[in-house]
Each structure stands twice: as C-alpha cells, then as structure tokens.
Amino acid sequence: MVAVRTTHVKENFDFDSWKKNLPLKESDIEEIARVYHYCQDNLPESVENSARLSRRAAEMIGILVTLHMDLDSYKAAILYPHLEENYFTLEQAKEIFGERTAHLLHSVKVMEAIKFLQNLSANRVSDAQVDTVRRMLLAMVEDVRAVVIKLAERIATLREVKNADEETRVLVAKEISNIYAPLANRLGIGQLKWELEDLSFRYLHPEIYMQIAHLLDEKRIDREKYIEEFVKDVKQNLEKEGIVAEVYGRPKHIFSIWRKMQKKHLNFTDLFDVRAVRIIVKKLQDCYAALGVVHTLYHHIPREFDDYVANPKPNGYQSIHTVVLGPLGKTVEIQIRTEDMHKNAELGVAAHWKYKEGPNPGVDAAYEERIAWLRKLLAWQEDMVESGTIVEEFKNQVFEDRVYVFTPMGDVVDLPQGATPLDFAYQIHSMIGHRCIGAKVDGRIVPFTYQLQTGDQVELLTQKEPNPSRDWLNPNNGFIKTSKARAKIASWFRKVNKDKNIIAGREIIEKEIEHHGLEIPREKLSSLLKEVLHRFNVKDHNDVFAGVGSGDIRINQLINVLEECLSKYKEQNVKEDEQELIKSIEQKGQNRLQNVRKEGKSQVIVNGVGNLVSYMAKCCQPIPGDNIIGFITQGRGVSIHRADCERLKNLAKVSPERLVEAQWNNSYSTGFSITVCIEANDRAGLLRDITTIIANEKINVLGVRSRSNTAKQLAHIDIDMEAYNIDDLTRMLAKLNQLPDVIKARRL
C-alpha cells in the first residue's frame, strides 16, 4: 500500500509556475531558483535539451519533496542531470554552491558504479570494478541522501523514456527492475519502490500490465463504493472503543498483484487484497486493540494473517496484515500500523538521514541507524545474486573478502576478511594502535585474535604511553592481518629500540651463521655486511643488525645474501689461482719454444726448392699429420699450409706456378704452434678444468685470451699451444668437448 503522488511535470514545463506549488519555505525556493538559473545560463545546447534537463530536475525535486529531504538534496537534484551532461565540474559546484552540496553531488556520481552490476553475469570482474563498487557502498553508507537522489533520478528517467523506442524502454526497465527496485525495497522506501517496480513492469510486460490495469478499472466503481462503506463501519467501531485512528482505502500496486498471482498460482478473481484498507493508530498497543475490533466485526482468514510488528521484514517494515470477510462475503486486506511505522514504510532510510544533521545527535542512535543501513545493503546484493543479475564471484570479491565495522561514533571502517581489533586500531591511527591494550566489540571484551565481522561496533581501550609488543609481529600468533598494521609496528621498534635491536640482531645473525655452517669469523662479519648494504637500502652495518633485530630484515634473506658473497669470494680466489697456473704454463711453453728455435732443425722438406726459409702459415697452423703444400712468397721464403686451407686455395687461383710439394721432416721432434677456440657456459673453475686437461696431455700453453658475454653467461677462450701431431690434438679436443658446460672446442 503506497501513497499516490502527483508530481509529474508536463511537457510545456514552466519553472515560475512550478516553483509556486512547492510546499517549501520561501528561502529554500529562492535558493532552488538560483541553482536552476545557473544551470540554464551554462547550457550551450539547444532549448529542447534545456527543457529536457529542466523537466528531469523538476521531477526529481517533486519526488524528494514527498520524502521531506533537505535543501542540499534539492540543489543536488537540479545540478546532477547537468553534471551528467558535463556542463560543469564538481570543482565549479563547490566554488559556487558550497562544499556540502558538492560532496553530496560527488556521492551521487559515485553511485554510477551500480552500472557495473548490470552487465557482469558473463564477464570476469576486474580489480578496478571491485574497488569502484566498494567506494560506492561506503559512499552510500556515509550519506543516505545520495541513494535517495539516485533513486529519484531513476524514476524521472523511467517517466522520460515513456515515449522512447521499445529497445530504450526495455534496457532502462531491466536495469531498474534488477538493481534499483530491490535497493529501494531493502531500504524500505515504499514511495519509490512501487513506482520503480510498476513502471519497469509496464515496459517489460506491457500486455500483462494493461490486462491487470483493465481488470482493476473494471471493478473500480463497485470497489470504491464497497470500500467507502467498509471504512465508515470500521471507524465507528474504533471510536466506540476509544481508539484514535485514521482509516482509508488504498490503490493496489499492479506489480505486487502480478507477483502474488505468479507466486501462488492464482487468478485475479482469487486475490484477497484487491480491496484494501489501512488503519493508522497512535500507539503500539492500539495496533492490537484495533486488530481485536476488526476480528470481532468480521471473520478473518487465519492463513492470511501476518504480524510484521513482532517479526519485522528484513528491510525494517512493520505492520499487521490480516484478511477478513466483509459484507457480502467479499475479502478485504487490512493493514494496521502506528504513525512511525507508516513513516518508515513510506520513507524507509530517507526518514532517518537527519540523524547526521541534527543539533545533538545521539551516538547510539547514529550507530544503530548505520548498522541497519549497512545490513540492508548487504542483503540487497543477495537479492541481486538470487535474481541472476550479478555473478557469485563479484559477490565474493566485494563482500565476502571484506568486513565493514563501525567506530563508536558510527563511522564505517573497511577492512579485509580476518582483520582483528589491532588492525582496526592501526587503520584509525598508528598511535592509537601503539597505545592499544584491549578492545570491546558490541560492548564485550574480546581478545586481540578476535576476527571482526561485518556490523561489529569496535571500541578500543588505550593507555597513555605507546607500548606495542613484538609478539604482534609473529604471524603464528594471529594478532594482525593487514600489512599496514605490520609495517607500523615494525617501524615503531626500528625507531625507538635501535640499540637493543643492534644487539639482538647481531646475536640472531651469528647464531644463524653457525647453524648454516658458514665460514665467517666474528671479526670479519661487519666488514662483510658493508659489502651488502645496498641490498637492504641501509647506510651502515649496524642498520643491518637493527633491521634483523626489529624484524624489518628477514634473517633468511640475509643468510642467502651472505652465502652469495662467500661464493663470489671463493670464485675470485679460484680465478686468481688459475691466472698463476696459466702464467706458469705459458712461461714453460715459451722456454720450450726458445730451445726449439736454438736447435735450428728444419720442420719440413720442400721438394724442388733450394735452401729457402720455410715457416708455418698462421691462417691454418699445420702440424705433423696434416697434408701440407708449400707456397713460394716474395722475399719471405716458403709458407707451409694445410692442403685444405681456404687461403691457399685463393693463392693457387692467382699464382698456381708458386705451389710446391712439401712433406714433414721425420727427424723433427719439437712442437708446432696452434690456436684452439673454446666456447662454454661461464662458471667458476672452468679455466682450471681446461688447463688441467691440456697439462695432462703434455701440451705446452703459449698464451691464453678470454672474453665473457655476461648477458648470455657465455665464455670464449682462445689458447695458443704447442702441439706435436694431429693425433695428440684430436685426443685433447675430444676431452675438452667432454667437459661440463663446454659447448664446442675446435682448432682454429
């Protein structure tokens, strides 16, 4: 049962005529006119668009007036349609109309996040959407008026699309029936709920709507006459019993008729509440007294009796419902409630928004109102899940991984699931957390390990001096959940107990070094820590000790760094040893080469050539066992090449007459200089392993050149050596290629 409003704005809207009919104070009307004319002056679009926005704003104000909202709400109602069209910004609104109006406008704009809820049934919810909806929910709790204004705007939109195309009407109606109508229902705003439901139903199911409307009109004359006689009879009997009451008939909500027909599988003629009467009394006890009078006068139907006074609906609705057999055996539904219950049923949370604005609002009353308001919001999302308009995953992300708790003043604090009173304390202020010694939830003492639940009111017990405990940082104790609280506690110990932390940290580090068997003498620890200061973003080795002592630096992380440093030192020592080994081998090789040159024996025999000097070509570096050919150079003697040398082939094309046969001198027993190229994965000890194989093969090293590719972790090593024959070289290359991490070893 709802009140019927007559706030519809005509197409030929005239502001001056309209404002005269507003049931408001003259000063309020003048302020509304100022806002209206500001919007008109800042419209760059056509007169037609201006008229459309003006009608929508006027519709919204007409709705809000019936809900007895305040001046800021009326101003926001005029500004919001123009803000949506980007004709001005929130900053401009704040500058011209004040911070309160701008803040309310912002809260209404935040509610646009509801649009995310409409199209998520098939899509994965992003983190950004989740955060946006959380902000929307908190904004709704902070200022109830924002919700009421948004609902009024949706009703105005429904009225506006009456003459639009069918697709537009259906899209708007779906959004409103799925989201906004359940919201208005949960908030108990009957004045808005019935129109949201009825208009949406009219656009979504026009044939059914018109059929039910026709059936109601068909019975209207007889029904109105019958109700008039029935109301008169009830009034007279209530007066006889001394019960002061207002009794009247009411129009029927078409959507509720259809829903009841569907739910109970009834025909229209079988409905009990097509004829309906409401009784409004002064006091609670008068509700049951009036019920007694009605049941004495008429026979009631027991299965149709509901006492929502003793057992209110989830949205706070209270009333006694009964169905009786009136004159001529016709059924009449009767609702009995007090004036306060009626106000709550019609206005819902809109009836309570003033608790924030009152001169001396009671803390307990404010808290209770917010608790009820928040619970209604949480129930609203359950309605949407049931109707299939929002995915379960989204429900979980927005609600089930968060808790919404309250301060004693009724302010909302948003925390993750599993948060404790200490998390709540540090969310309010770090010093409150440091001074916290206990907590009460809904008036009873709870331990610090208590996990807060949505709707809890948390009161903190504090002492004068800050004194957090190190035990709070231990995750196994379960005292804190949030990283914010953990960081603030660690920061406290880092600042106020540095000297103690240095001592404690040193002891912890030394114990772990011993436990891991690291070879770090106590006197070398400080110097070693200086090498890793940059890893922990500290300036001194004492800061490392203090960080470990306070829990700011994890001991396992430090031990890993120290092990890495020790490994580098060992690797560096190995490389130094390798360099010494290489120098020794090179020196031996050079001495051997000098001795060979002193002997002066010829390495090869060149056929058909006199006493010309011969030498090994550097391009192919032949050694005994290779097939060789000589090439007579100009002024430098005969160069000896391998038969497969690419350079020799090029020389033969130009001067084939210079080629001569050559063979190895069997009596020559010294080595020949060659270069071996090695490509390998870089690692510690690689060079030592290579030189060990070369030494075992009794091959002299004449020189070593190495280079590293740090990006690819590759090493390239060129070794000049003295080989005696092709068999020795082949055997050595085979062993080098079998070394771990060697990719390829080849002769140049």
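User: Why are strand 10 and strand 11 called edge strands?

Analyst: The open sheet of 3 strands has the order 10-9-11, with antiparallel pairing. Strand 10 (444-446) and strand 11 (458-462) each have a single partner strand, so one side of each is left without a neighbour in the sheet. The twist averages 40° from one strand to the next, an angle taken on a scale from 0 to 180 degrees between N-to-C directions of axes fitted to C-alpha atoms, for helices over the stretch in contact.

User: How do you know that helix 17 packs on the sheet?

Analyst: Contact means heavy atoms within 4.5 Å, and helix 17 (residues 421-428) touches strand 9, strand 10 and strand 11, its direction making about 80° with that of strand 11.

User: What makes strand 12 and strand 16 a pair?

Analyst: Strand 12 and strand 16 (residues 659-664) pair in the antiparallel sense over 3 bridges, and valine 606 stands opposite alanine 662 in strand 16. They belong to an open sheet of 5 strands with the order 12-16-14-15-13 and mixed pairing.

User: Why is a set of residues called a nonpolar core?

Analyst: The name is given to buried Ala, Val, Leu, Ile, Met, Phe, Trp, Tyr and Cys residues joined through side-chain atoms within 4.5 Å, where buried means under 20% relative accessible area with a 1.4 Å probe, protein chains only. The largest such core has 63 residues, and Ile61 and Leu151 have the most contacts inside it. Helix 8 (residues 144-160) gives the most to this core, with 10 residues.

User: How do you know which parts of the chain to read with care?

Analyst: The guide is pLDDT, the predictor's confidence in each residue, from 0 to 100. Confidence is lowest in helix 16 (residues 392-400), at a mean of 47, and highest in helix 13 (residues 284-297), at 93. Where pLDDT is low, the predicted coordinates should not be read in detail.

Residues are numbered from 1 along each chain as its sequence is written, and side-chain values use heavy atoms, leaving out hydrogens and water. In this predicted model, local features need pLDDT of at least 70 and side-chain atom pairs count only at pLDDT 80 or more, whereas totals for chains, interfaces and linings use all residues.

How values were computed
Buried < 20%, exposed > 50% of the residue type's maximum accessible area, 1.4 Å probe, protein only. Helix = DSSP H or I, 4+ residues; strand = E, 2+ residues; numbered from the N terminus. Pairing = 2+ DSSP bridges.
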